[in-house]
Amino acid sequence: MDTNRLSQTLAKALNQQMTNEAHNAQIYLAYASWASNGGYDGIANFLFRHANEERNHMMKILEYILKRGAKVVVSAIPAPGPDPVSINDCFEKVFKSEVENTTSIYDIVNMSMAEKDWATWNFMQWFVKEQTEEETLAMDLLSKIKVAGGANAKNDALFVLDSELGKTPDDAKLAQDATAANP
Ligand code: OFO
């Protein structure tokens, strides 16, 4: 008896999404190593933690594919691309790759809606919220870097930013958490 509960289209898209998450993990890993080589240990620590988060996302999807009775296909992970040229460039690239990942998550949400596969639709809602958090976090960091001078940020401003980022929580505050008393 065939117990597979995922369509071929969705199984393919979810397998691709596993690779996308692994790709993002490699990006964070590469940028963390680049930051560490440059002496920015706080930023490196932040990026290493995010590399782990992306790996966890990959595992969530892998587990979901298996639990729905479909086949997991582990494929090659594309290289992360060139190192950033500055801290500003690093977080602009992080933001860009998060937005790209959000787009592919939304595509899977659309596909599951078109197929009325509500289990996958429901599973993907966790990722929709996670992407909102990660985009917000990257936007907040870019704003801080902008205040510090953006692409021309001086060493002392970057030093403060680096020490702050080592302690920055991994989750951003979302609009849905705001209240009138606590905007
Ligand atoms: Fe997997 O959360 Fe970012 O990309």
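Two rings of Phe, Tyr or Trp count as a pair if their centres lie within 6.5 Å. For Trp, the six-membered ring is used. In this predicted model, a search of the whole structure finds five such aromatic pairs. One of these joins Trp126 and Phe127. Their ring centres are 5.0 Å apart and their planes meet at 75°. Planes over 60 degrees apart count as edge-to-face, so the Trp126–Phe127 pair is edge-to-face.

Ring pairs also build a cluster, made up of Tyr64, Phe123, Trp126 and Phe127. Two of its members can be described by their accessibility. Phe127 is buried, because its relative accessibility is 1% and the limit for buried is under 20%. Trp126 is partly exposed, with a relative accessible area of 38%. Trp126 has a further contact: Lys60 lies over the face of its ring. The distance from the ring centre is 4.6 Å.

Helix 4 covers residues 118-147. Its length can be checked against its residue count. At 1.5 Å a residue, 30 residues should span 44 Å.

Positive phi angles are found on both sides of helix 4. Lys116 lies in the loop between helix 3 (87-114) and helix 4. Its phi is positive, at about 55°, although Lys116 is not a glycine. Lys116 is also exposed, with a relative accessible area of 60%. After helix 4 comes Gly149, which has a positive phi near 120°.

Terms used
Residues are numbered from 1 along each chain as its sequence is written. This is a predicted model: local features need pLDDT of at least 70, side-chain atom pairs count only at pLDDT 80 or more; totals for chains, interfaces and linings use all residues. Side-chain values use heavy atoms; hydrogens and water are left out. Helices (H or I, at least four residues) and strands (E, at least two) are DSSP runs, numbered from the N terminus. Buried means under 20% relative accessible area, exposed over 50%, partly exposed in between (1.4 Å probe, protein chains only). The expected span of a helix is 1.5 Å times one less than its number of residues. Rings of Phe, Tyr and Trp (its six-membered ring) pair if their centres lie within 6.5 Å; planes under 30 degrees apart count as stacked, over 60 as edge-to-face and the rest as tilted. A charge sits over a ring if NZ of Lys or CZ of Arg is within 6 Å of the ring centre and within 35 degrees of the ring normal.
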